[in-house]
Amino acid sequence: MIEQHLLLKRVDFIFVHDTDWEKILQKSIHRPKQELINELISSELKGRGGAGFPTGLKWKLTSEANGSEKYVICNADEGEPGTFKDREILTRVPYKVLTAMAICGFIIGSNNGIIYLRGEYKYLENPLNEVINEFSYFCKKINLDFTIKIFMGSGAYICGEETAMFESLEGKRGEPRNKPPFPSVSGFRNKPTVINNVETLAHTYTIFKYGAKKFYDLGVQYSRGSKVFSISGDTPKPGIYELELGMSLQDFVDEFGDGDTKAVQVGGASGFLVPRKKFKETVIGYQGKLVGISLPTGGSMMLFNSSRSMYNLLDNYLEFFREESCGQCTPCRIGCQQLLAGIKAVKKGERPAPYLEKLLKLSETMQYTAKCGLGQSVANSFASIVENFREEMIY
Amino acid sequence: MELHKRIVELADLHGRTRESLLPILQGVVECENYLSKRSMTEISKELDLPAAEVYGTATFYSFLEFRKMGKFTIRVCKTISCSMKGKNQILLAIEDMLKIEIGQSTPDGRFSLVETNCLGWCHKAPAMVINHEVFTELTPEKVREILGVYLKKEI
């Protein structure tokens with residue numbers, strides 16, 4: 001039986017302040033590791049960076065991996081256009097992220113934590129280091145061997161891709177690796193690594209504090225729990241909101257739109273543009289057998305009203321990808337360039353409208369042949385914009 | 001501080017392995033405002049890495065500049081939310097006030113102007129950073145005020 005979508009519901013787990021982290025850390029490291037893993041698995045928490053991999057499974061696989069040298073990495077390279085929630089989490093409740101990292105270390109058998117912080121958030125480095133010092137002091141006090149260091153990025157979106165992040169941490173160009181092997185067996189320094197998004201770690205804190213059920217009871221089938229959304233664009237309420245998963249886009253627009261919403265970009269430039277006519281049938285959540293279209297997202301929601309040109313949107317996204325592509329694989333490197341040149345040519349009338357079909361085919365090819373998620377995801381926005389707003393692409 | 005001394009100091013702090021490369025490159029940019037051929041050669045010697053490898057890594061990252069930047073690098077976000085909330089007006093205001101275009105530096109070496117991608121302040125667009133300080137909800141008026149403050153700083 002397929003569950004109905006939920007009405008929009010605000011929850012408050014992530015940003016609510018507590019002074020319990022010391023208690024929760026101590027309690028957790030005295031629980032059996034298998035129990036902690038089972039707690040995460042039964043919560044059905046999925047990665048909140050955009051890819052949505054089951055977190056419990058990730059920690060389980062890494063704990064089972066061979067080797068005594070393992071790593072816990074917090075992916076704070078938030079760079080998807082329209083996403084700014086991780087910055088807020090690290091500013092307001094960083095101790096939740098640190099506690100989660102330490103518990104993860106305990107479970108998988110690692111005493112090495114790294115926070116890869118994007119260069120654009122350099123101003124967070126000092127305040128975060130202060131919290132880390134306080135955290136480390138407590139860890140020493142309770143004889144927990146877990147160090148956390150910050151590694152600063154230097155302005156490269158692709159370094160948010162997990163294997164590119166390992167390359168960057170190792171002092172190289174941030175060029176994604178082939179998968180398999182997956183990080184749980186071969187990650188940073190080719191050792192078993194848990195790499196999680198900032199928000200994902202904050203949610204594990206909630207789960208270790210309140211138990212899996214409290215998290216699981218929110219959301220819908222395949223999309224349990226709450227998610228922090230970054231909302232911007234043509235909206236009277238821009239900002240960060242923690243909402244239950246499983247809402248329909250129509251309810252979302254009713255709450256956050258400005259009354260004239262033409263389209264919503266779900267999931268940033270790597271995501272999908274949903275036109276007004278599809279709001280009702282679109283649900284925000286991970287893939288599953290939901291009614292209509294279900295869209296996973298890192299939480300970036302950008303609203304556009306009728307004054308906005310969808311051509312300008314696509315041009316902006318393609319320019320972004322063309323620039324941020326690492327360049328190592330031909331489908332992405334050349335594909336991004338050609339898609340951008342292509343839509344410009346059609347818009348100027350230098351190519352006839354049917355050329356758009358060729359470009360759509362190209363984006364599909366990129367989806368199947370690009371080495372990493374960047375090249376594979378360009379088709380998402382390309383196809384959704386061109387197919388739904390074809391008339392705006394043409395001279 | 002003299003370049004070679006600075007690099008040794010950075011290597012003492014971050015180590016002399018391949019993994020120390022990025023923090024050291026960042027440290028050099030912090031004090032020199034760019035990476036010269038000489039600095040990369042010095043780093044390659046200090047870390048015992050091929051200079052080509054140092055160059056290869058350095059050129060990947062957009063915050064590691066290869067032309068001499070001003071004391072204050074202005075990075076204006078050009079991604080979609082900022083773009084539709086008036087980024088171009090902000091750029092015009094900066095260009096008009098400082099008499100430079102994107103990619104240029106003022107003759108006195110005080111400012112450089114570049115565009116950058118999503119800074120993570122979309123709900124308060126348009127946004128820019130000057131070195132590491134972020135400024136949001138910009139208007140041409142606000143920009144002139146901010147630059148006025150930076151014009152008075154010592155360089």
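Two strands are said to pair if DSSP finds at least two bridges between them, and in general the strands of a sheet pair through backbone hydrogen bonds, either parallel or antiparallel. In the predicted model considered here, chain B contains an open sheet of 4 strands in the order β2-β1-β3-β4, and the pairing within that sheet is mixed. Strands β2 (111-116) and β4 of chain B stand at the edges with a single partner strand each, so one side of each is left without a neighbour in the sheet. From one strand to the next, the twist of this sheet averages 20°.

Within the sheet of chain B, strand β1 (residues 72-77) and strand β3 (residues 128-130) run antiparallel and are joined by 3 bridges. Val76(B) has Met128(B) in β3(B) as its bridge partner. Helix α6 (residues 87-98) of chain B lies across β1, β2 and β3 of chain B, and its direction makes an angle of about 155° with β1(B). The loop between β2 and β3 of chain B holds Pro126(B), and the peptide bond that joins Ala125(B) to Pro126(B) is cis, with omega at about -5°.

Chain A also contains an open sheet of 4 strands, in the order β3-β2-β1-β4, and here the pairing is parallel. The edge strands are β3 and β4 (193-197) of chain A, each of which pairs on one side only, and the twist from one strand to the next averages 20°. Strand β2 (residues 112-117) and strand β3 (residues 147-152) of chain A pair in the parallel sense over 6 bridges. In this pairing, Ile114(A) stands opposite Lys149(A) in β3(A), while Ile115(A) stands opposite Ile150(A) in that strand.

In the loop between α6 and β3 of chain A lies Asn143(A), a residue that has a positive phi of about 60° although it is not a glycine. Another helix, α5 (residues 94-108) of chain A, lies across β1 (71-76), β2, β3 and β4 of chain A and runs at about 150° to β1(A). A further backbone feature of chain A is the cis peptide bond between Lys179(A) and Pro180(A), with omega at about 0°; Pro180(A) is located in the loop between α7 (162-169) and β4 of chain A.

Helix-to-helix contacts in chain A include that of helix α11 (residues 310-324) with helix α12 (residues 330-348), whose axes come within 8 Å and cross at roughly 155°. Since angles over 145 degrees count as roughly antiparallel, α11(A) and α12(A) are therefore roughly antiparallel to each other. The crossing in which α11(A) passes α12(A) is left-handed. On the side of α11(A), the contact involves Tyr311(A), Leu314(A), Asp315(A), Leu318(A), Glu319(A), Phe321(A) and Arg322(A), which meet Cys336(A), Gln337(A), Leu339(A), Leu340(A), Ile343(A) and Lys347(A) in α12(A). Sorted by class, the contact of α11(A) with α12(A) has 8 nonpolar, 1 polar and 4 charged residues.

Helix α12(A) also meets helix α14 (residues 373-388) of chain A, and the axes of these two helices come within 9 Å and cross at roughly 25°. With this angle, α12(A) is roughly parallel to α14(A), and the crossing of α12(A) and α14(A) is left-handed. The contact is formed by Pro331(A), Cys332(A), Gly335(A), Cys336(A) and Leu339(A) of α12(A) together with Leu374(A), Gly375(A), Val378(A) and Phe382(A) of α14(A). The residues of this contact divide into 7 nonpolar, 2 polar and no charged.

The two chains also touch each other, in a contact that takes 31 residues from chain B and 37 residues from chain A. On the side of chain B that touches chain A, at least two residues are supplied by each of α2 (21-32), α4 (51-58), α5 (80-84) and β4 (133-135) of chain B. The largest share of that side, 4 residues, comes from α5(B). By class, the side of chain B that touches chain A has 15 nonpolar, 13 polar and 3 charged residues.

Methods:
Residues are numbered from 1 along each chain as its sequence is written. Chains are lettered from A and ligands numbered from 1 in the order in which they are written. This is a predicted model: local features need pLDDT of at least 70, side-chain atom pairs count only at pLDDT 80 or more; totals for chains, interfaces and linings use all residues. Axes are lines fitted to C-alpha atoms, for helices over the stretch in contact, and angles run from 0 to 180 degrees between N-to-C directions. Angles under 35 degrees count as roughly parallel, over 145 as roughly antiparallel, 65 to 115 as roughly perpendicular and the rest as oblique. A crossing is left-handed if the near helix is turned anticlockwise from the far one by less than a right angle, and right-handed if clockwise. Two residues are in contact if their C-beta atoms, placed from the backbone, lie within 7 Å. Ala, Val, Leu, Ile, Met, Phe, Trp, Tyr, Cys and Pro count as nonpolar, Asp, Glu, Lys and Arg as charged, and the others, Gly among them, as polar.
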